[in-house]
Amino acid sequence: MLIDTHCHIDFPEYNQDRGEVISRAKDNGIEYIINIGSSLENSAASVELAKNHACVYAAVGVHPHDADRFDPDGLEKLETLARHDKVVAIGEIGLDYFKNFSKAENQKPLFKKLIGLSKDLGLPLVIHSRQAEEDILKILKEEEITRAVVHCFSGGENFLKDCLDMGFFISFTCNITYKKADTIRRAAELAPLERILLETDAPYLSPEGMRGKRNEPVNVRFVAEKIAELKMISSEEVARVTTENAKNFFKLK
Ligand SMILES: [Zn+2]
């Protein structure tokens with residue numbers, strides 16, 4: 001059994017066959033799917049999905065890309081959503097200085113506000129970090145955060161070490177299968193299995209051989225297989241430990 005700890009199946013890419021995508025995952029050993037919020041609207045959709053499907057849990061949050069157009073009134077709405085009992089994390093939140101779709105001066109205060117919400121509700125964080133490692137670590141340290149997962153990990157050895165030292169989980173997507181992804185594979189070799197979570201980030205980042213197509217939760221098995229290969233252990237062992245990790249981290253019942 002595997003858990004896809006990060007995907008976006010509320011997105012319009014799944015409007016034609018969302019139910020089938022969820023069934024296909026269930027029928028192929030995906031025990032749970034955690035659907036991640038990326039805006040107020042997507043967070044509401046995420047909670048709705050979780051209400052309608054026993055195997056789906058939700059996270060609510062606002063992606064740093066959306067920081068410029070985030071309406072401060074949205075925070076209260078987000079909190080109401082976050083109080084639903086199938087909401088297991090605040091995310092994805094963080095900083096993105098690569099695409100810079102929103103200004104850094106707007107990203108940071110939003111990130112801090114949402115960290116505040118996670119503290120109020122006792123929920124862990126799902127972190128998006130892109131070319132923002134220094135600020136991410138600085139803020140999380142200041143806020144004394146220990147329960148966080150760095151999603152779609154693509155950092156170097158130093159960032160990995162800092163994250164592990166702070167007690168964070170490291171999450172890998174299907175991009176670990178890409179030909180040029182040596183840095184990511186190196187991180188997966190170095191990170192202890194007890195601190196690894198698996199995800200697809202679907203609809204994005206389809207595995208090698210399916211690139212450019214829509215991704216879906218069932219493909220999380222490719223991440224498990226690659227990590228097994230890198231660590232020279234069985235896929236079953238990777239599945240067992242990472243599923244246990246996810247259940248503990250998100251407190252899945
Ligand atoms: Zn995502």
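These legends walk through several close-up views of a predicted model. Local features are given at pLDDT of at least 70 and side-chain atom pairs count only at pLDDT 80 or more, while totals for chains, interfaces and linings use all residues. Residue numbers start from 1 along each chain as its sequence is written.

**View 1. The whole chain, to get our bearings.** The protein chain has nine helices and eight strands (DSSP runs numbered from the N terminus, with helices being H or I of at least four residues and strands E of at least two). Its radius of gyration is 17 Å, close to the 18 Å that the globule rule gives for 253 residues, so the chain is as compact as a globular protein of that length. That radius is taken over C-alpha atoms, and the rule is 2.2 Å times the number of residues to the power 0.38. Of the 253 residues, 48% count as buried; here, buried means 20 or more other C-beta atoms within 10 Å of a residue's own, exposed means 12 or fewer, and partly exposed is in between, with C-beta atoms placed from the backbone.

View 2. Eight strands line up in the order 1-2-3-4-5-6-7-8, with parallel pairing (two strands pair if DSSP finds at least two bridges between them). At the edges sit strand 1 (2-7) and strand 8 (196-198), each pairing on one side only. Neighbouring strands are turned by 30° against each other on average, direction ignored; the axes behind that angle are lines fitted to C-alpha atoms, and angles run from 0 to 180 degrees between N-to-C directions.

**View 3. Strand 4 and its neighbours.** Strand 4 (residues 87-96) is mostly covered, with nine of its 10 residues buried. Three bridges tie it to strand 3 (residues 56-60) in parallel, and Val60 stands opposite Ile90. Five bridges link strand 4 to strand 5 (residues 125-130), also parallel, and here Asp96 faces Arg130. Strand 4, helix 4 (residues 104-121) and strand 5 make a right-handed β-α-β unit: with the strands pointing away from the viewer, the path from the first strand over the helix to the second runs clockwise. Look out for a cis peptide bond from Gly91 to Glu92, with omega near 5°; Glu92 lies in strand 4.

**View 4. Helix 7 and what it packs against.** The buried residues of helix 7 (residues 182-190) are Ile184, Ala187 and Ala188. Seen down the helix axis, they fall within an arc of 100°, so they line one face; the arc is that of the directions from the axis to the C-beta atoms. They pack against helix 6 (157-165), strand 7 (169-172) and helix 8 (220-231), where contact means C-beta atoms, placed from the backbone, within 7 Å. On the other side of helix 7, Asp182 and Glu189 are exposed.

View 5. In the loop between strand 4 and helix 4, Asn100 has a positive phi of about 50° although it is not a glycine. Asn100 is partly exposed, with 13 other C-beta atoms within 10 Å. Leu205, in the loop between strand 8 and helix 8, also has a positive phi, about 55°, without being a glycine. With 20 C-beta neighbours inside 10 Å, Leu205 counts as buried. Pro203 belongs to the loop between strand 8 and helix 8 too, and the peptide bond from Ala202 to Pro203 is cis, with omega near 10°.

Methods:
Contact = placed C-beta atoms within 7 Å.
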